[in-house]
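How does one read a protein structure feature by feature? The dialogue below takes up this question.

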Amino acid sequence: MQIGSIIEGKERNEENRESMLVVNPYNQETVAELKLATKQDLDDAVNSCFSIFHSTMKVMPAHERADILKTAADLLEEQKEDFALTICKEAGKPITGSRGEVERSVQVIRFAAELAKNITGEVIPMDAAIGGENKLGFVKRIPLGVVGAITPFNFPLNLSLHKIAPALAAGNTVVFKPAEKTPVTAYKLVKLFQEAGLPDGVINLLIGTGIDVGEPLVTHEKVHKISFTGSLAVGRKIRETAGFKKVTLELGSNSPNILFNDANIEYAAKELVKGAFAFSGQVCISAQRIYVQKDIYDTFLEDYIKQTKSLKIGDPADEQTNIGPMINEEAAKRAKQWIDDAVEHGAKVETGGERNGTVLSPTIMSNVDENMKIIAEEVFAPIVSVIPFETEEEVVGYSNDSIYGLQAGVFTKDINRALRVAEKLEMGGVWINEISTYRQDNHPYGGVKQSGIGKEGVKYAIEDMTEMKFIGIKLEREIM
Ligand code: NAD
């Protein structure tokens, strides 16, 4: 399969273009050959989105935008297996998880279709101000224009739709720059929107690297907003170079999960196996630090190791596989190095810690300290640390001792303690009796500190992808 950028409905995949391969991270088979976008394509994509915003999207009624989104959701549901197989092949995500991603994505588009018809404004009580008599003032929410959507490899469908679906619901156009590691899903998604009746040029797709097309997209003067999901390093750069554009940044974390001594240990252990190891830990809210109150530490750790050892490692296309590869060998080597560094400084590998090519076995660490990379930085790998604590105050301190603050999990039967801790945790979101890794697509989602700026979750992304416009009328009124 050979794919290129799609601009105004036409694919740019001429033979003489520079190319790049997408390979299956498990077996290194070629998934696609990419024909890369040039600076000219980037300019064309932005200019086309800019003019199609003014000629088409800005004037398209809400019911039409909603219908297109609804059709796209129905098509995605029909094509679920094809999309799941594509994600599985290019990202190496186990097939069951890939199907789950598609199912969530259908819901994301449906939420956007419903909300497209409900973008409301407000009437201002003008006479509350002295001199405001005989004036009518109201606020409309209007689309921004061109949204630049830059997305990561780990949820190539769902995280792309968390930008594209609200952008379309609100009446924007989108220049879509997916991760170069997983662009085939993105390509199929743009084709699906074409099939759903979206006019050409409302989404323009750029297949290329972060440096070649991501950077100039961020600085382009005709782009009104950048919505980025990815690493802290790139997010920081975008924040520095985006100028006057609105920016949403969904970045990384080292999510804590806290187990108090009254927690249901068996349930927490079972959920935290998924929480730490789903998609080999390559999830931004993956459970990375598990703090366990001292009196249940040994029982939890023993159960947790036992359940982790039962995970099946193998080909992500196999229905039974729980743990597939990491995205590439470089990522697996880096993660293994972090384990070795921690061990050198006194940490213990309780289980796992072995690398075979791109596959890193699910790894539980203990005896760690806050300076080790596996604690202080985002591991983004199947590595989790189990750490004992004594008091509530102490564990809140440990959890907040991080540059990140995305989501946390708290396990306890004591509702007062749960709420006290939830309020003290410096996070964008806190789950009680649920793992940090759980995300529903309709709640506000986004981090504090260096985990990001702004919120997604369809309704909240629509707010960020519109702006308020005030219209005031001075009325002529006869005095009766
Ligand atoms: P990445 O930052 O390497 O790449 C993300 C995207 O940015 C890609 O499309 C890439 O091509 C592009 N890019 C790279 N350099 C760029 C530049 N200089 N200018 C503009 N664009 C550029 O991230 P990744 O490895 O694909 O994804 C993993 C990261 O994403 C992790 O840190 C993870 O925590 C984060 N993430 C966050 C969330 C969230 O919602 N908070 C969700 C998923 C992933």
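Predicted model: local features only at pLDDT ≥ 70, side-chain atom pairs only at ≥ 80, totals over all residues.

Q: Which strands pair with strand 11, and in which sense?

A: Strands (E, at least two residues) and helices (H or I, at least four) are DSSP runs numbered from the N terminus, and two strands pair if DSSP finds at least two bridges between them. Strand 11 covers residues 246-250. Strand 10 (residues 225-229) runs parallel to strand 11, joined by five bridges, and Thr229 stands opposite Glu250. Strand 23 (residues 452-453) is antiparallel to strand 11, with two bridges; here Leu249 faces Ile453.

Q: Is strand 11 mostly covered or mostly uncovered?

A: A residue is buried under 20% relative accessible area, exposed over 50%, and partly exposed in between (1.4 Å probe, protein chains only). In strand 11, four of the five residues are buried, and the strand is thus mostly covered.

Q: Where does Leu198 lie, and what is it in contact with?

A: Leu198 belongs to the loop between helix 6 (183-195) and strand 9 (203-205). Contact means heavy atoms within 4.5 Å. Setting aside neighbours within four places in sequence, Leu198 is in contact with Ile68, Leu168, Phe193 and Ile203.

Q: Why is Leu198 classed as buried?

A: Leu198 is classed as buried because its relative accessible area is 8%.

Q: How is the interface between domain 1 and domain 2 described?

A: The size of an interface is often given as the accessible area lost when the parts come together. Buried area is that loss (1.4 Å probe), summed over both parts. The bounds, from an automatic or database domain assignment, are 2-251 + 447-469 for domain 1 and 256-432 for domain 2. Between them the domains bury about 2,200 Å², 64% of it on carbon and sulfur atoms. Tyr26, Pro94 and Lys449 supply 26% of the area that domain 1 buries against domain 2, more than any other three residues.

Q: How many salt bridges are there between domain 1 and domain 2?

A: A salt bridge is a side-chain nitrogen of Lys or Arg within 4 Å of a carboxyl oxygen of Asp or Glu. The count between the two domains is two. Glu319 forms a salt bridge with Arg99, and their closest N and O atoms are 2.9 Å apart.

How values were computed: Residues numbered from 1 in each chain as written. Heavy atoms only, no water. Buried area = accessible area lost by both parts, 1.4 Å probe.
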